[in-house]
Amino acid sequence: MQIKKDEIKQRILNVSKGFFIHAGYDETSLRMVADKCFISKSNIYRYFSSKEEIYETLVGTARRSLIDAINRFGSSDYADNCTEDKIEEVSKVLARIMSEHREGILIMLKSVGSKDRAILTEMMTGFFVETCPIDDKEFKVQIVSLLIMGLTDILIKYSEEDEMRYRLKMLISYHYLGLNGIKERIGVRYEG
């Protein structure tokens, strides 16, 4: 009987991580992972029950941290009263989370068909439902898509927490200014 080796398990995680980040969850097969690890596909099942378990191992903590931050900063305390200090706080917290969980968040954001991407989109759309006085949900989904593209771009291009915080602050400010412009255009002034 072959003994499980920590190195093989870690190699499976590292190879899966690379595939999930570059190709996405849906486009990655356990056969691809096994081939790159130089093991049989059945050997993967000695360490993980499924591709979903591998995914969960890689993103579980990142998901919880990101969802907690979205719940916190999507509240009306932040959404309805955008001030410079609140933008700074949001940027600082998100930069820390993105720095600590960079690869896990990248996997979630780059796996377009994943449940996590859908959950994040729905949560962020809900945030815009409360703060944007336009009834067009599709427009709100477009705004969220742009924000997710911006977050993904920051994660791909920057790894230093301070640089991420600076970029996040600009991205968040841009979205608040855009929200102000929309509200102003339809006659609602957003006071921040």
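A salt bridge is counted here where a side-chain nitrogen of Lys or Arg lies within 4 Å of a carboxyl oxygen of Asp or Glu. The model on display is predicted, so local features need pLDDT of at least 70 and side-chain atom pairs count only at pLDDT 80 or more, whereas totals for chains, interfaces and linings use all residues. Residues are numbered from 1 along each chain as its sequence is written, and side-chain values use heavy atoms, with hydrogens and water left out.

**Stop 1: salt bridges**

Select Arg63 and Glu56 to begin: their side chains form a salt bridge with an N to O distance of 2.7 Å. For accessibility, buried means under 20% relative accessible area, exposed means over 50%, and partly exposed lies in between (1.4 Å probe, protein chains only). Arg63 is buried, at 12% relative accessibility, while Glu56 is partly exposed at 28%.

Next select Arg72 and Glu89, whose closest N and O atoms are 2.3 Å apart in a salt bridge. Arg72 belongs to helix α4 (residues 51-73) and Glu89 to helix α6 (residues 84-100), so this pair ties together parts that are 17 residues apart in sequence. Helices here are DSSP runs (H or I, at least four residues), numbered from the N terminus. Both partners are partly exposed, Arg72 at 40% and Glu89 at 27%.

Move to Lys169 and Glu88, a salt bridge with closest N and O atoms 3.0 Å apart. Lys169 is in helix α10 (residues 161-185) and Glu88 is in helix α6, so the parts tied together are 81 residues apart in sequence. Lys169 is partly exposed at 24% relative accessibility, as is Glu88 at 28%.

**Stop 2**

Centre the view on Ile105, in helix α7 (residues 102-110). Ile105 is buried, with 2% relative accessibility. Which residues does Ile105 contact, leaving aside its neighbours within four places in sequence? They are Ala62, Leu66, Ile97, Met98 and Leu155, where contact means heavy atoms within 4.5 Å. A distance drawn from the C-alpha atom of Ile105 to that of Asp116, 11 residues away along the chain, comes to 9.5 Å.

A nonpolar core is a set of buried Ala, Val, Leu, Ile, Met, Phe, Trp, Tyr and Cys residues joined through side-chain atoms within 4.5 Å. The largest such core has 50 residues, and Ile12, Ile44, Ile54, Leu66, Met98 and Ile105 touch the most other members. Elements giving two or more residues to this core include α1 (6-23), α2 (30-37) and α8 (115-131). The greatest contribution, 10 residues, is from α4.

**Stop 3: helix α9**

Select residues 137-157, helix α9: at 1.5 Å a residue its 21 residues should span 30 Å, which agrees with the 30 Å between its end C-alpha atoms. The expected span is 1.5 Å times one less than the number of residues. Buried positions in α9 include Lys140, Gly150, Thr152 and Leu155.

**Stop 4: the largest pocket**

Finally, select Lys17, Thr57, Leu58, Glu103 and Gly104, which are the closest to the centre of the largest pocket among its 17 lining residues. The largest share of the lining, 6 residues, comes from α4.

Definitions and conventions: On a 1 Å grid over the protein atoms alone, a cavity is a set of points where a 1.4 Å probe fits but cannot get out, and a pocket is an open set with protein on both sides within 12 Å along at least five of seven lines; lining residues have an atom within 4 Å of a point.
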